[in-house]
Amino acid sequence: MRAKLVCVLVAMGTALWTPGVIAHHSFAAEYDANKPVTLKGTVSKVEWTNPHARFYVDVKDDKGAVTTWNLELASPNVLRRNGWTRTSLNVGDEVTVEGAMAKDGSKMANARVVRLADGRRVFAGSSGGDAPPPAN
Amino acid sequence: MMRISELALPLALSVGALVVASAQQTPPAPTSPAGAGSQQRGPAPPTGPVKRLPNGHIDLSGVWQGGGPVGDIKMGLAKGDTLPIKPEWQKIMDARQSKEDPEANCLPTGVPRRDPYPWRILQTDTHTFLLFEGNIHSYRQIFMDGRKHPADFDPSWYGHSVGHWDGDTLVVDTVGFNDKFWFDFIGTPHTEQLHTVERYTRTTLGTLVIETTIDDPGAYTRPFKITFTARLRPGEELMEYICNENNGYVHHITGPAKEF
């Protein structure tokens, strides 16, 4: 049962997460939906720019070494139409990010869900071109 | 969507740890409609009757979404039809890399490709304008004053367009394209011989059907027809979108375009 449920979730996740048809570039050409990543760390920079908004997260490993990840979102226009603003996420915020890793192995990912430390969801919206509404 | 979220098996995380889950492991369950597509989001478009301009023609104005190929132009073919691409151009297409896609490099979509951003139709007595928010925050101008195509022109991204009315359908005839843009993400090609005839029919207040005949004897063995539908976005306004502002990551795109 559990295996079946996981299969269903994988299938549905893939179906929901194939947004290439609405992106400015092919999602599949830059990110691998089969390589989900979850990052927990501190926002070090936010770029509210076209063609994609981006933010950077410093992630510490168990030994204290810091890796900076580059997270891609939809465009500012798409995010704003869905209720997010350039101050929805700020430098210093502690976040958990769910996304898809870049195919080329660099420390880049497409951010799908972003949560603050208190569990509130802030602008999650991949470069697939859309974002969920700001309801938590 | 929420139910899926509630069903999700929580992904075990330790504070400060980075977890990379493979496809064989439990993935983070989708908790949002991200990726479902802006064209599917929001209220359904209005379905009331179309309006007419003082000159009697159909009022096509409004902010629209979609109406052309994005991922694969074949999605607009009639059922059973195939893309009549010449073998030598199929080879060229197959060799194209996603990172070369002009649209990903902040260059115009050309015709008939669309992008994921809204666009507006603006009609005057002498011109019809298509104003694009997205790539590349540019416009098409369609001459409605009865003029013909020029005998000589410099090939361009949007070509030279003249329009006329066929009943309640706006017919836009365009030549003079360059060969630089792609029809879609997968790199469907064309040559400078491209000639398009678009037929814009507003079937309801909120629905614009765009049927395009593509005639390019350079890359195709016969003309073919595609149909896409644009949806009205009531109350929407175009916003500024300057693609080149920060497009420094195209080099991360990998792989053949055909694998989109």
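Predicted model: local features only at pLDDT ≥ 70, side-chain atom pairs only at ≥ 80, totals over all residues.
Reader: Over how many bridges do β2(B) and strand β3 (residues 119-123) of chain B pair?

Author: Residues are numbered from 1 along each chain as its sequence is written, while chains are lettered from A and ligands numbered from 1 in the order in which they are written. Helices (H or I, at least four residues) and strands (E, at least two) are DSSP runs numbered from the N terminus, and two strands pair if DSSP finds at least two bridges between them. β2(B) and β3(B) pair in the antiparallel sense, and the number of bridges is three.

Reader: Which residue in β3(B) is the bridge partner of W64(B)?

Author: Strands of a sheet pair through backbone hydrogen bonds, either parallel or antiparallel. In β3(B), the bridge partner of W64(B) is W119(B).

Reader: How many residues lie between β3(B) and β4(B) in their hairpin?

Author: Five bridges join β3(B) to strand β4 (residues 127-132) of chain B, and the two run antiparallel. Q123(B) stands opposite T128(B) in β4(B). Between the two strands of this hairpin, the number of residues is three.

Reader: In what order do the nine strands of chain B close into a barrel?

Author: Chain B has two helices and 10 strands. The pairing in its nine-stranded barrel is mixed, and the twist from one strand to the next averages 30°, with axes being lines fitted to C-alpha atoms (for helices, over the stretch in contact) and angles running from 0 to 180 degrees between N-to-C directions. The order of the barrel strands in chain B is β2-β3-β4-β5-β6-β7-β8-β9-β10.

Reader: Which residue of β6(B) is the bridge partner of F143(B)?

Author: Strand β5 (residues 139-143) and strand β6 (residues 160-166) of chain B run parallel and are joined by two bridges. F143(B) has as its bridge partner in β6(B) the residue V162(B).

Reader: Why does P43(B) count as exposed rather than buried?

Author: P43(B) belongs to the loop between β1 (19-20) and β2 (62-66) of chain B. A residue is buried if 20 or more other C-beta atoms, placed from the backbone, lie within 10 Å of its own, exposed if 12 or fewer, and partly exposed in between. P43(B) is exposed because the other C-beta atoms within 10 Å number 9.

Reader: What distance separates the C-alpha atoms of P43(B) and R233(B)?

Author: The two residues are 190 residues apart along the chain. Their C-alpha atoms are separated by 8.8 Å.

Reader: Over which residues of chain B does pLDDT stay under 50?

Author: Chain B has a mean pLDDT of 85, and 84% of its residues reach 70 or more. Two residues are in contact if their C-beta atoms, placed from the backbone, lie within 7 Å, and the model has 83 contacts beyond four places in sequence for the stretch in question. The stretch of chain B with pLDDT under 50 is residues 1-40.

Reader: What percentage of the residues in chain A is buried?

Author: Chain A holds three helices and six strands, arranged from the N terminus as α-α-β-β-β-α-β-β-β. For chain B, 36% of 260 residues count as buried. Of the 136 residues in chain A, the buried share is 52%.

Reader: Which residue in β2(A) is the bridge partner of V43(A)?

Author: β1(A) and β2(A) run antiparallel, joined by five bridges, and form a hairpin with six residues between them. In β2(A), the bridge partner of V43(A) is V57(A).

Reader: Which residue takes a positive phi near 90° in the hairpin of β2(A) and β3(A)?

Author: Seven bridges join β2(A) to β3(A), and these strands run antiparallel. V59(A) stands opposite T67(A) in β3(A). Five residues lie between the strands of the hairpin, where the positive phi near 90° belongs to G64(A).

Notes:
pLDDT = per-residue confidence, 0-100.
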